[in-house]
Amino acid sequence: MTAERTVRGLIDEPRHSEPAELAALFAQLEPVSIEFLLGDWHGGELPSGHPMDGALGTARWYGKSFASANDVQPLVCLDEQGEKFSNVALGKGEATLRLIDFDGTVTASMVYDGQPVIDHFAKVDDDTVMGVMTGKNLAAPYFYFYLERDGGHSVASGDRDTASGAPGGCLADR
């Protein structure tokens, strides 16, 4: 079975995976360009026993929005009414996209503005990517997730979270 089909299976029928298995799958996937990522995406976790497992669900994470290389909303979450908003409190700002070498492969990567975290992406299919969260204070085994392309609308730039009641904290601290 190909890495793409295996990752698709983990998305369609979630199960716990060993971090080494997820790392090996990610390494076999094709890198992506910044242009490939542009648009809105919804996603989920690829559970591996990582301390971040469950954190995205707790934050009511929906996905990510990539309007351009310099206009990225890394933590699009759902409010109590199910409306999307960019959770800048949790993300400590927003993000940018850059081409970065990860384990010998240059791929589109999202650099958080306010914390030392980088998400690297690899292609599963034309509408799905696998992501791995790395950073200055994060060591392997890393946190893995996936994104699927949306047909919906991007989060309006005015919908930035500034409410004090929104979940906060640094992702790198988890």
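Me: How many aromatic pairs does the structure hold?
Reply: The structure, a predicted model, holds seven aromatic pairs. Rings of Phe, Tyr and Trp (its six-membered ring) pair if their centres lie within 6.5 Å; planes under 30 degrees apart count as stacked, over 60 as edge-to-face and the rest as tilted.

Me: What kind of pair do Trp-61 and Phe-145 form?
Reply: That pair is edge-to-face, with 6.3 Å from centre to centre and 85 degrees between the planes.

Me: Which strands are they in?
Reply: Trp-61 lies in strand β3 (residues 61-68) and Phe-145 in strand β10 (residues 138-149), so the pair ties together parts that are 84 residues apart in sequence. Strands (E, at least two residues) and helices (H or I, at least four) are DSSP runs, numbered from the N terminus.

Me: Trp-61 and Phe-145, buried or exposed?
Reply: Both Trp-61 and Phe-145 are buried. Buried means under 20% relative accessible area, exposed over 50%, and partly exposed in between (1.4 Å probe, protein chains only).

Me: And why is the pair of Phe-143 and Phe-145 stacked?
Reply: Because the ring centres of Phe-143 and Phe-145 are 6.3 Å apart and their planes are at 25 degrees. Phe-143 is buried, like Phe-145.

Me: Which residues form the aromatic cluster?
Reply: One cluster is formed by Trp-61, Phe-66, Phe-121, Phe-143 and Phe-145.

Me: How is the numbering done, and what was left out?
Reply: Residues are numbered from 1 along each chain as its sequence is written, and side-chain values use heavy atoms, without hydrogens and water. As this is a predicted model, local features need pLDDT of at least 70 and side-chain atom pairs count only at pLDDT 80 or more, while totals for chains, interfaces and linings use all residues.

Me: New topic. Where is Glu-35?
Reply: Glu-35 lies in helix α3 (residues 34-37). Glu-35 is exposed, with a relative accessible area of 59%. Its C-alpha atom is separated by 9.9 Å from that of Ala-67, 32 residues apart along the chain.

Me: What sits over the ring of Phe-36?
Reply: The charged end of Arg-149, 4.9 Å from the ring centre. A charge sits over a ring if NZ of Lys or CZ of Arg is within 6 Å of the ring centre and within 35 degrees of the ring normal.
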